[in-house]
Amino acid sequence: MMRNPDLQANPTASELIRRTPPLLYRWLGDRIFALLVTMFGLLLMGLAISLAVVLYREGASAITTFGFFGFLTGSSWDPAITLSFGTLPFLIGTIVTSVAALALSFLPAIAVAIFSAEYAPRWLAHIIDAMVDLIAAVPSVVVGIWGIFVFAPWMREKFYMPIYLWAAENQPDLLPILGNPIGYGMTTATIVLALMIVPFTAALSRDAIRLVPASQREAAWALGATRWEVIRMAVLPYARGGIIAGSILSFGRAIGETMAVAMLIGNKNTLPFNLFGPAATMPSVIINEFREAVENLHLSSLMAIGFYLFLISLIVNLVAAYIQRKMMVSGGRAV
């Protein structure tokens, strides 16, 4: 005898109780799931700690030789003759390029996020979101190749050379500040780095803006606010924690960028830097010299740079998490 299809589609309370797994199975499933989640969390923590331990162990020789802070403040990098290693030029190069790239990319990224989340029609927003995600997925080596063969020569012909020739005729004192306009240097690497982190900041800011409850917007609309006033007074204050945290995470991405920066920055390991001239960053010196490190102290110094870079990235991520927590909005108020 066939069962009533209506009863199968709309089971009664007694059938729901009969179909419900026994309490023991439900309890066991919850415990297994909690155990798996805890194990994966501890595994990630263990991987991070083991990475830091390995980097410190391999770089301990350089850190012991030059001192924990002396290695950071030393400005001489000579792996051939004196075997003196100091990372100050690379540290300054990393900070300058990353901060400048974040400053250049922040407002354009926020503009893209606001337009995609608030102004664009749904069909256009989908296209913009897909393009942003696609640009973020482009490998950095591809961006570096584009920078070498297209962007750097274009910047040299259109900007660097005209400015350099004008300064040579009118302001010769600016020439040491400008440097050699070969096209491959700190300014070129910074601009390309800014282009690379725009999609990350835009995507994270877009998601933070779209998570703002509709009640926030409706309350502002009810008070007679314009569209821009709704965004400025109701949307952005609510999403500011996610926006700032996303920009800081993009800053961490800029700090750790390797291939594109190494291909465009010129890789000069001396101070001082100039606008058009070459420079170096902590990731770029690692990728450029790792295969050529034949002395133990040289290899240990490169590993020590990796350890300090790990610490900087960890600090940046912790700051982003702290800012997001402090600026989180609950119930319309910051907590």
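**Figure 1. Ile 315 is exposed, its relative accessible area being 52%.** A residue is called exposed when its relative accessible area is over 50%, buried when that area is under 20%, and partly exposed in between, as judged with a 1.4 Å probe on protein chains only. Ile 315 lies in helix α14, where helices are DSSP runs of H or I with at least four residues, strands are DSSP runs of E with at least two, and the elements are numbered from the N terminus. Although Ile 315 and Gly 252 are 63 residues apart in sequence, their C-alpha atoms are 9.2 Å apart in space. The model shown here and in the other views is predicted: its local features need pLDDT of at least 70, its side-chain atom pairs count only at pLDDT 80 or more, and totals for chains, interfaces and linings use all residues. Residues are numbered from 1 along each chain as its sequence is written, and side-chain values use heavy atoms, with hydrogens and water left out.

**Figure 2. The protein chain contains 14 helices and four strands.** The chain has 335 residues, of which 36% count as buried. Of the contacts between residues at least 6 apart in sequence, 71% join residues at least 24 apart, a contact being heavy atoms within 4.5 Å. From Leu 104 to Ile 197 the separation is 93 residues in sequence and 9.9 Å in space, C-alpha to C-alpha.

**Figure 3. Helix α13 is largely enclosed by the rest of the structure, because six of its eight residues are buried.** The helix runs over residues 282-289, and its buried residues are Met 282, Pro 283, Ser 284, Val 285, Ile 286 and Glu 289. The elements that cover these buried residues include β1 (77-78), α5 (88-119), α11 (227-256), α12 (259-264) and α14 (296-326).

**Figure 4. Helices α10 and α11 pack at an angle of about 145 degrees, and their axes are 9 Å apart.** The axes are lines fitted to C-alpha atoms, for helices over the stretch in contact, and angles run from 0 to 180 degrees between N-to-C directions. On the side of α10 the contact is made by Gln 216, Arg 217, Ala 220 and Trp 221, and on the side of α11 by Arg 227, Val 230, Ala 234, Val 235 and Tyr 238. By class, this contact has six nonpolar residues, one polar and two charged, where Ala, Val, Leu, Ile, Met, Phe, Trp, Tyr, Cys and Pro count as nonpolar, Asp, Glu, Lys and Arg as charged, and the others, Gly among them, as polar.

**Figure 5. The second largest pocket has a volume of about 230 Å³.** On a 1 Å grid over the protein atoms alone, a pocket is an open set of points with protein on both sides within 12 Å along at least five of seven lines, a cavity is a set where a 1.4 Å probe fits but cannot get out, and lining residues have an atom within 4 Å of a point. Grid points are joined across faces, edges and corners, and a volume is the space filled by probe spheres set on the points. The lining of this pocket consists of Ile 135, Ala 136, Val 138, Val 143, Trp 146, Leu 195, Met 196, Val 198, Pro 199, Phe 200 and Arg 253. Two or more of the lining residues come from each of α6 (122-136), α7 (140-170) and α9 (186-210), and α9 gives the largest share, with five residues. The lining divides into 10 nonpolar residues, no polar and one charged.

**Figure 6. One cavity of 30 Å³ or more is found when the whole structure is searched.** The largest cavity holds about 30 Å³ of space and is lined by Val 112, Ala 113, Ser 116, Ile 128, Asp 129, Val 132, Ala 202, Ala 203 and Arg 206. The elements that give two or more residues to this lining are α5, α6 and α9. Six of the lining residues are nonpolar, one is polar and two are charged.
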